[in-house]
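Subject: Structure handover

Hi,

Here is the structure, with the sequence alongside. My notes on what turned up follow below.

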Amino acid sequence: NRFTMALPRGIRNNNPLNIRKGSTWKGEKKIQTDPSFEQFETLQYGIRAGLKLIQNHVSGFNGSRPPRNTIRKLISVWAPPSENATEAYIMFVCQHVFKLPSDIIHADDKKLICAIARAMAFVECGQWIAPEQFESAYNLI
């Protein structure tokens with residue numbers, strides 16, 4: 001319907017961090033109709049996947065890749081300059097989580113990971129999602 005189509009793509013897909021297709025995620029829809037981005041059964045599962053992916057990037061996928069353990073490193077790989085205003089994205093997230101672009105992030109810092117994901121979801125979708133949504137999704141990891 002017209003109302004649904006007016007919502008940002010990440011919200012329509014229950015994927016507020018706009019995770020691209022490529023992995024199998026807990027809670028993903030069986031039938032995927034978006035050609036580029038994952039679609040989830042619920043917003044909680046979409047947020048959970050985003051949090052998990054952030055943790056994976058921050059930890060370097062448990063040592064198999066270089067750690068993206070700063071906001072600058074994380075967002076530079078998440079939202080590359082070829083597709084995004086990456087520097088503005090980095091600065092927005094930093095302002096909202098009270099960190100510098102080069103401050104070290106730890107994958108097990110629930111409060112910070114949730115705050116970063118929430119600010120990233122705002123950049124991706126243009127609307128705020130309640131912090132409680134991120135905290136409860138984190139508990140599903």
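Predicted model: local features only at pLDDT ≥ 70, side-chain atom pairs only at ≥ 80, totals over all residues.

Helix 4 packs its buried residues against helix 3, helix 5 and helix 6. The buried residues of helix 4 are Ile71, Leu74, Ile75 and Trp78. Down the helix axis they fall within an arc of 85 degrees, so they line one face of helix 4.

His57 sits in helix 3. With a relative accessibility of 12%, His57 counts as buried, because the cut-off is under 20%. Its contacts include Leu74 and Trp78 from the buried set of helix 4. His57 also touches Val77, Arg65, Pro66, Pro67 and Arg68. That list leaves out residues up to four places away in sequence.

How much space lies in the largest pocket? The value is about 350 Å³. The lining of this pocket is made by 18 residues. Closest to the centre are Leu17, Asn18, Ile19, Arg20 and Trp78. Helix 3 (43–63) and helix 4 (71–78) are the elements that give two or more residues to this lining. By type, the lining of the largest pocket splits into nine nonpolar, five polar and four charged residues.

Helix 6 gives the largest share, with six residues. Here the lining divides into nine nonpolar, one polar and four charged residues.

Next, the cysteines. How many disulfides does a search of the whole structure find? The count is zero. For Cys94, the closest cysteine sulfur is in Cys114, 17 Å away, which is too far for a bond. Cys125 also has its closest cysteine sulfur in Cys114, at 16 Å, and that too is too far for a bond. A disulfide needs the two sulfur atoms within 2.5 Å. Is Cys94 buried or exposed? Cys94 is buried, at 4% relative accessibility. Cys125 counts as buried as well, at 8%.

Last, Tyr45. This residue is found in helix 3. Tyr45 is partly exposed, with a relative accessible area of 27%. Leaving aside residues up to four places away in sequence, Tyr45 touches Lys26, Gly27 and Phe40. Lys30 lies 15 residues from Tyr45 along the chain, and their C-alpha atoms are separated by 13 Å.

Best wishes

Conventions. Residues numbered from 1 in each chain as written. Heavy atoms only, no water. 1 Å grid on protein atoms, 1.4 Å probe; cavity = no way out; pocket = protein on both sides within 12 Å on 5 of 7 lines; lining within 4 Å. Points joined across faces, edges and corners; volume = space filled by probe spheres on them. Helix = DSSP H or I, 4+ residues; strand = E, 2+ residues; numbered from the N terminus. Nonpolar A, V, L, I, M, F, W, Y, C, P; charged D, E, K, R; others polar. Buried < 20%, exposed > 50% of the residue type's maximum accessible area, 1.4 Å probe, protein only. Arc of directions from axis to C-beta. Contact = heavy atoms within 4.5 Å.
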